[in-house]
Amino acid sequence: MDIIVKMADGNPGAARVMADMFSQTPAIDPDNVLGGYGPVLFLDTLGIYGPRVWMLYKDVCGADITKTVAALRAVQMGIASNKKLMAAIDGKEAFDADATLASVKERLPAFAA
């Protein structure tokens, strides 16, 4: 919980998204060896904090936690670029969350099964 509070940087929406990631990722991405910690730690690796977490979830992934976890997993797996995801969060580039989810599912059949 301390990690989530610190990374949320006072943004309640970001805190909720990360709490949802933590609780729902084991079912969404059973291949993630870090379970619920995986996507939250990867947000930290990418330097996505506070309102940018909310923007990733709400604006880039259509308020869909599965698509949000898939977007992070896609960057991790090299399906999508970090640069493109960051540009999408900043509203400078489109990011196809549906196609990204499909690509992740293709490589990880247990994802969101």
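Q: Is A112 buried or partly exposed?
A: A112 is partly exposed, with a relative accessible area of 25%. Keep in mind that this is a predicted model.

Q: Where is A112 found?
A: A112 is in the segment after α7, the helix of residues 97–107.

Q: What about phi of A112?
A: Phi of A112 is positive, about 50°. A112 is not a glycine, though.

Q: Where does A63 sit?
A: A63 is in the loop between α4 and α5. Phi of A63 is positive too, near 60°, and A63 is a residue other than glycine.

Q: Is A63 buried or partly exposed?
A: A63 counts as partly exposed, at 32% relative accessibility.

Q: Okay, back up. How many helices and strands does the protein chain have?
A: The protein chain has 7 helices and 0 strands. From the N terminus on, the elements read α-α-α-α-α-α-α.

Q: What is the radius of gyration of the protein chain, and what would a compact globule have?
A: The protein chain has 13 Å. A compact globule with 113 residues would have a radius of gyration near 13 Å, so the two agree.

Q: What box do the C-alpha atoms fill?
A: Along the principal axes, the C-alpha atoms fill a box of roughly 35 × 30 × 20 Å.

Q: How many of the residues count as buried?
A: Of the 113 residues of the protein chain, 45% count as buried.

Q: And what is the accessible surface of the protein chain?
A: The accessible surface comes to about 5,800 Å². Carbon and sulfur atoms account for 54% of that surface.

Q: What share of the contacts joins residues 24 or more positions apart?
A: Among contacts with a separation of 6 or more, 65% come from residues 24 or more positions apart.

Q: Which contacts does A8 make, leaving out residues up to four places away in sequence?
A: A8 touches A14, A15, M18 and G50. A8 itself is in helix α1.

Q: Is A8 buried or exposed?
A: A8 counts as buried, at 3% relative accessibility.

Q: How far apart are A8 and P51?
A: In sequence, A8 and P51 are 43 residues apart. In space, their C-alpha atoms are 7.4 Å apart.

Q: New topic. How many aromatic pairs does the structure hold?
A: The structure holds 2 aromatic pairs. In one of them, the rings of F22 and Y37 have their centres 4.9 Å apart and their planes at 85°, so this pair is edge-to-face.

Q: Which helices hold F22 and Y37?
A: F22 lies in helix α2, residues 12–28, and Y37 lies in helix α3, residues 37–46. The pair therefore ties together parts that are 15 residues apart in sequence.

Q: Are F22 and Y37 buried or partly exposed?
A: F22 counts as partly exposed, at 36% relative accessibility. Y37 is partly exposed as well, with a relative accessible area of 45%.

Q: Why is the pair of W54 and Y57 tilted?
A: The pair is tilted because the ring planes of W54 and Y57 are at 50°. The ring centres are 5.4 Å apart.

Q: Where do W54 and Y57 lie?
A: Both W54 and Y57 lie in helix α4, residues 51–60. They are 3 residues apart, about one turn of the helix.

Q: Which is it for each of those two, buried or partly exposed?
A: W54 counts as partly exposed, at 27% relative accessibility. Y57 is buried, with a relative accessible area of 8%.

Q: Which residues in α3 are buried?
A: G38, P39, V40, F42, L43 and L46 are buried in α3.

Q: What covers the buried residues of α3?
A: The cover includes α1, α2, α4, α5 and α6.

Q: What follows α3?
A: G47 follows α3. Phi of G47 is positive, near 75°.

Q: And K67, is that buried or exposed?
A: K67 is buried, with a relative accessible area of 18%. The cut-off for buried is under 20%. K67 is found in helix α5.

Q: What is K67 in contact with, leaving aside its neighbours within four places in sequence?
A: K67 is in contact with C61, A97, D98 and L101.

Q: Last one. How far apart are the mean positions of the positive and negative charges?
A: The mean positions are 3 Å apart. The protein chain has 11 positive and 13 negative charges.

Key: Residues numbered from 1 in each chain as written. Predicted model: local features only at pLDDT ≥ 70, side-chain atom pairs only at ≥ 80, totals over all residues. Heavy atoms only, no water. Helix = DSSP H or I, 4+ residues; strand = E, 2+ residues; numbered from the N terminus. Rg over C-alpha atoms; globule rule 2.2 N^0.38 Å. Buried < 20%, exposed > 50% of the residue type's maximum accessible area, 1.4 Å probe, protein only. Contact = heavy atoms within 4.5 Å. Areas by Shrake-Rupley, 256 points an atom, 1.4 Å probe, with all protein chains shown as cover. Lys, Arg positive; Asp, Glu negative; His and termini not counted. Charge placed at Lys NZ, Arg CZ, Asp CG, Glu CD. Phe/Tyr/Trp six-rings, centres within 6.5 Å; stacked < 30°, edge-to-face > 60°.
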